[in-house]
2 protein chains.
Amino acid sequence: MDEITKPYVIGLDMGGTNSVFGIVDARGNIVATTAIKTQAYPDFDDYVKASVEALTPIIDTVGGIGKIKALGIGAPNGNYYNGTIEYAANLVWEGIVPVSKKFEEALGIPVIVTNDADAAAVGEYTYGVARGMKNFIMITLGTGVGSGIYVNGQLVLGCDGFAGELGHLTVVPDGRVCGCGRKGCLETYCSATGVARTAREILAERNTPSLLRDMPAKDITSYDVYKAAIAGDAIAKEIFDFTGTMLGEACANFALFSSPEAFIFMGGLTKAGDLLMNPLRKSYDEHVLNIFKGKAKLLLSGLKDSETAVLGASALGWDNPPQPVDTAE
Amino acid sequence: MDEITKPYVIGLDMGGTNSVFGIVDARGNIVATTAIKTQAYPDFDDYVKASVEALTPIIDTVGGIGKIKALGIGAPNGNYYNGTIEYAANLVWEGIVPVSKKFEEALGIPVIVTNDADAAAVGEYTYGVARGMKNFIMITLGTGVGSGIYVNGQLVLGCDGFAGELGHLTVVPDGRVCGCGRKGCLETYCSATGVARTAREILAERNTPSLLRDMPAKDITSYDVYKAAIAGDAIAKEIFDFTGTMLGEACANFALFSSPEAFIFMGGLTKAGDLLMNPLRKSYDEHVLNIFKGKAKLLLSGLKDSETAVLGASALGWDNPPQPVDTAE
């Protein structure tokens, strides 16, 4: 019973700006936290050293490194198979970074890496609303749209560790230009930045009044659209209708793949609540294939927003998830 | 070592018209076959009785039922979890048919049921080009477009046993009406019937000459388009270009989900060979997300066309595939 002698895991939410660490128990309680500035360490060895220095005092509060089972890291372009971060545009380190190796050498405990959305899925499976579910799809609605998928109780990693890029489903052929170089990807419409783009498009097309006209169009954020919608602004409400409808149709297409028990949504855009979820549910029901109707639940994340990323990363440190199988390569 | 005392499985390819049985050894050799007319037995009990009568003499040729490990059945709307066929439009039996139960009672051996495309995937995994692959997607291009998906070396069945309906991905918003009641599904474009629809559309739009104008438009089949393309007909070649291009783009979207090692294509339409596969490969490379470029192979089925369905069904009878995990329900 390793959980008795080593009752904690560490989670690291590695973002472009901040790196947040949490020591977590088996029930998903964060018992201690610390943080460093990611960008302050252009040399990855310095980053590891600073991490260990920040971690040492909080590790001591739970009885030392002997009580820690593992370190789980959720990072942009994190690769579970290789223990690396590979070509992450939003991080200071270029190319392929051997993250697991460096942290294992520094801490002497197992280190597991994966990308942010997969970590979120592992977190929901371990501590959140997906406990007990074998088949579900996690959708993160932030600056982009990310996804983490469980099939048969296992994280879907694919042949290369990069599976689960549902934010790049083509939803509008020849539609909006995406950062990936393709056109019409889901995340150009249904992310926080997508909502702002929709606002600018609709405001430019119409002459009807809107609270959103009180600010320069280029400065509009999804939060501005949310505030305007709450205040009763018709165009702002229409923007959320459009976004939820498109996301519901995309989820109906995702159901074709794995017929999940649930879709779980998290990230900034979900703060819009029913403004987003009502049209999303309506559209999903309208578009999903008959044999799948009424089967998948559309849920919001069960984890506290500020803790989700650290919890998700930490969950990688327990034994069971994500149990990948090596590829035949 | 069950394979020594029980060295054979039976595969049943249950079609709307014919039901073909084969006794298969562990290497995928079909050692004996028989068939009955599916439609001749509107009562399922009579169908089972006729099946056993047809099977008995060929079972005797391999040493009797004691040598048979199991019966695997590939059927429209076959459900692995329930051992049933559920509301299959092309079969004579209505509602939910307890297929496994009835055949187990009649034969005294385990019976496993799944849908045709899943059976094809199990067949490729067991005997075909997908041997050793943990992540691949089987696409069947027949009257419709079916799919069977492997993730982490396991068949993707979903929460209800009906996962893998990729033929219903929306590829053209508000596009062609599909038999499923939705619009713009992949199979309205990239199936054999989709190719014929494309032919009728293009011939109606243009005035350019084509061999396809020598027959009534309503009678054109995908095989006619194939013959015309082989004879150098420009419009017929354009139809395959259009079909392959659309299928390649759809596969690029499927890769987002499970980052497979390979896509494997089978079914009538694949007889077009390079006419279909060249534009398909070109389009896939153009549309797939950068991180997936060059990773998935696009392959034709490695099984003999006439044997694929029976082999696929029989493969369900061996121990390992498809190892599903029960849902949390």
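## Surroundings of B:T140

In this predicted model, B:T140 touches B:A117, B:A120, B:V145, B:G146, B:S147 and B:M266, when residues up to four places away in sequence are not counted. The residue belongs to strand β9 of chain B, which covers residues 136-141. B:T140 counts as buried because its relative accessibility is 15%, and the cut-off for buried is under 20%.

## B:I264 and strand β12

B:I264 is part of strand β12 of chain B. With a relative accessibility of 0%, B:I264 counts as buried. Its contacts, leaving aside neighbours within four places in sequence, include B:E124, B:V129 and B:A130. B:I264 also contacts B:F136, B:I137, B:M138 and B:I139, as well as B:L299, B:L300 and B:S301.

B:I264 and B:A121 are separated by 143 residues in sequence. In space, their C-alpha atoms are 8.6 Å apart.

## Helix α10 of chain B

Helix α10 of chain B runs over residues 308-315 and is mostly covered, with seven of its eight residues buried. The buried residues are B:T308, B:V310, B:L311, B:G312, B:A313, B:S314 and B:A315. They pack against the chain B strands β1 (8-14), β2 (18-25), β3 (30-37), β4 (68-74) and β12 (262-266). Helix α4 (116-127) of chain B is also among the elements they pack against.

## The contact between chains A and B

Chain A contributes 50 residues to the contact and chain B contributes 49. About 4,000 Å² is buried between the two chains, and carbon and sulfur atoms give 59% of this area. A:N152, A:L256 and A:F257 supply 19% of the area that chain A buries against chain B, more than any other three residues.

Two salt bridges are counted between chain A and chain B. In one of them, the side chains of A:K295 and B:D160 meet with an N to O distance of 2.8 Å. On chain A, the elements β10 (145-151), β11 (154-155) and α8 (234-258) each supply at least two residues of the side that touches chain B. The largest share of that side, six residues, comes from α8(A). By residue type, the side of chain A that touches chain B divides into 25 nonpolar, 15 polar and 10 charged residues.

## A:N135 and A:N152

A:N135 sits in the loop between α4 (116-127) and β9 (136-141) of chain A. The relative accessible area of A:N135 is 0%, so the residue is buried. A polar atom of the A:N135 side chain lies 3.1 Å from the backbone nitrogen of A:N152.

## Positive phi in two loops

Most residues other than glycine have a negative phi. A:N77, which is not a glycine, has a positive phi of about 60 degrees. It lies in the loop between β4 (68-74) and β5 (78-79) of chain A, and A:N77 counts as partly exposed at 30% relative accessibility.

A:Y87 also has a positive phi, near 50 degrees. This residue is found in the loop between β6 (84-86) and β7 (96-97) of chain A. Its relative accessible area is 59%, so A:Y87 is exposed.

## Salt bridges within the chains

Over all chains, a search of the whole structure finds 18 salt bridges. In chain A, A:K101 forms one with A:E105, and the closest N and O atoms are 3.5 Å apart. Both residues lie in helix α3 (residues 99-107) of chain A, four residues apart, which is about one turn of the helix. A:E105 counts as exposed at 57% relative accessibility.

In chain B, B:E286 and B:K282 form a salt bridge with their closest N and O atoms 3.5 Å apart. These two residues are separated by about one helical turn because they are four residues apart in helix α9 (residues 274-287) of chain B. B:K282 counts as exposed at 57% relative accessibility. The side chains of B:K218 and B:D219 also meet in a salt bridge, at 3.1 Å from N to O. B:K218 is exposed, with a relative accessible area of 66%, whereas B:D219 is partly exposed at 39%.

Technical notes
Residues are numbered from 1 along each chain as its sequence is written. Chains are lettered from A and ligands numbered from 1 in the order in which they are written. This is a predicted model: local features need pLDDT of at least 70, side-chain atom pairs count only at pLDDT 80 or more; totals for chains, interfaces and linings use all residues. Side-chain values use heavy atoms; hydrogens and water are left out. Contact means heavy atoms within 4.5 Å. Buried area is the accessible area (1.4 Å probe) that two parts lose on being put together, summed over both. A salt bridge is a side-chain nitrogen of Lys or Arg within 4 Å of a carboxyl oxygen of Asp or Glu. Ala, Val, Leu, Ile, Met, Phe, Trp, Tyr, Cys and Pro count as nonpolar, Asp, Glu, Lys and Arg as charged, and the others, Gly among them, as polar. Buried means under 20% relative accessible area, exposed over 50%, partly exposed in between (1.4 Å probe, protein chains only). A polar contact is a pair of N or O atoms within 3.5 Å; within protein, one must be able to donate a hydrogen and the other to accept it, and residues adjacent in sequence count only if both atoms are side-chain atoms.
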